[in-house]
Amino acid sequence: MILQNGCGSLFSSLAMVLCDPGEAFLIATPFYGGIIKNVYLYGKVNLVYAYLDSQVTGSCTRPFQLTVDKLKKALQDAQSEGIKVRGLILLNPQNPLGDIYSLSEMQDYLEFAKRHELHVIVDEIYMLSVFDDSATFHSVLEMDRLPDPQRTHVLWGISKDFAMSGIRFGVLYTLNQDVIKAVSCFNYFHGICGPIQYQIAQLLRDRDWINQVYLRTNHERLKAAHTFVTDELKTLGVPFLNRSAGFFVWIDFRKYLKKKTSEEEMLLWRRFLDKKVLLSPGIFFECNEPGWFRIVFADNMNRLRLG
């Protein structure tokens, strides 16, 4: 394990270690847009997109479903353009969709990566923020056998699951000792200060409080807030993805666009912003269907009602 001051730093370090400038990682869209800067600012590593869409066709059973066929097409398109793809980034649970990948799905993605000799970075930063009992999250580390253990690298941090954004702490777990040595070289610039290390050690040591008090209470509050927001959306007749993880709902405002363009999407976003309601437009997540927005529901009921 390697500790650095946040998963953003670890993404940057991994990009510099696994790629040469101009090479790329493969990632499905929509996705958390901060990753673009994380991999590019230092390492000049690009992202190749596997575009997911809202229509359920072919082998898909749900909107915006990630399949091996979509990954394969994106990889082939990149290779035909002379782009060297070094790895695959998977977000599980997914931001902004809220999808939770099953172990069988993860097995398929990892086997695809192994066939093409790709490293896999699995970002599990929302792993403890599954708030519905009907949904189950399985870490990739629960798999009986990783298809390619030396090329599988797992990230987690405290900012989401423990509601501690700004307390910079992220962890990389990998069996690849060369990656460990190389990433460690950047710890001089991305270390965690002593007092924060001490506080987080004290926090994580208290397993009983985490499991019996904190997580139960947090999940109850997340579920209540999610239920309130989704009930309001149903009343307003706004379609959305109904998922059980993360702090956000992926909502469909396409019918409110005069034209199906990113410019119209940004105009609608600014209309919300003018009324002091902050949403995130799909273009921030590289979504290729204008009109989708992410709304964060992890707030108290008074502010949710006001919004």
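What volume does the second largest pocket have? The second largest pocket has a volume of about 560 Å³, a pocket being an open set of points on a 1 Å grid over the protein atoms alone, with protein on both sides within 12 Å along at least five of seven lines.

The model shown in these views is predicted, so local features need pLDDT of at least 70 and side-chain atom pairs count only at pLDDT 80 or more, whereas totals for chains, interfaces and linings use all residues. Residues are numbered from 1 along each chain as its sequence is written, and side-chain values use heavy atoms, with hydrogens and water left out.

**View 1. Lining of the second largest pocket.**
Of the 19 residues that line the second largest pocket, Met127, Trp156, Val171, Leu204 and Arg207 are the closest to its centre, where a lining residue is one with an atom within 4 Å of a point. At least two residues of this lining come from each of β6 (152-157), β7 (170-174) and α8, and α8 gives the most, with 4 residues; helices (H or I, at least four residues) and strands (E, at least two) are DSSP runs, numbered from the N terminus. By class, the lining has 15 nonpolar, 2 polar and 2 charged residues, with Ala, Val, Leu, Ile, Met, Phe, Trp, Tyr, Cys and Pro counted as nonpolar, Asp, Glu, Lys and Arg as charged, and the others, Gly among them, as polar.

**View 2. Lining of the largest pocket.**
The volume of the largest pocket is about 770 Å³, a volume being the space filled by probe spheres set on grid points that are joined across faces, edges and corners. Its lining consists of 26 residues, of which Val277, Leu279, Ile295, Leu304 and Gly307 lie nearest the centre. Helix α8 (207-236), strand β10 and helix α10 (301-306) each supply at least two residues of this lining, and α8 gives the most, with 5 residues. The lining divides by class into 17 nonpolar, 2 polar and 7 charged residues.

**View 3. The open sheet with strand β10.**
In this view, 3 strands form an open sheet in the order β8-β10-β9, with antiparallel pairing, two strands being paired if DSSP finds at least two bridges between them. The edge strands, each pairing on one side only, are β8 (248-252) and β9 (280-281). Strand β8 is joined by 5 bridges to β10 (residues 292-296), and the two run antiparallel; Val249 stands opposite Ile295 in β10.

**View 4. The largest cavity.**
A cavity is a set of grid points where a 1.4 Å probe fits but cannot get out, and by this rule there are 2 cavities of 30 Å³ or more. The largest cavity has a volume of about 50 Å³ and is lined by Ile27, Ala28, Leu66, Ile89, Leu90, Leu91, Gln94 and Tyr101. Strands β2 (24-29) and β4 (85-91) each supply at least two residues of the lining, with β4 giving the most, 3 residues. These lining residues divide into 7 nonpolar, 1 polar and no charged.

**View 5. The second largest cavity.**
The second largest cavity, with a volume of about 40 Å³, is lined by Leu110, Ala113, Lys114, Leu118, Val120, Pro147, Asp148, Arg151 and Thr152. Helix α4 (residues 103-115) provides the largest share of this lining, 3 residues. By class, the lining of the second largest cavity comprises 5 nonpolar, 1 polar and 3 charged residues.
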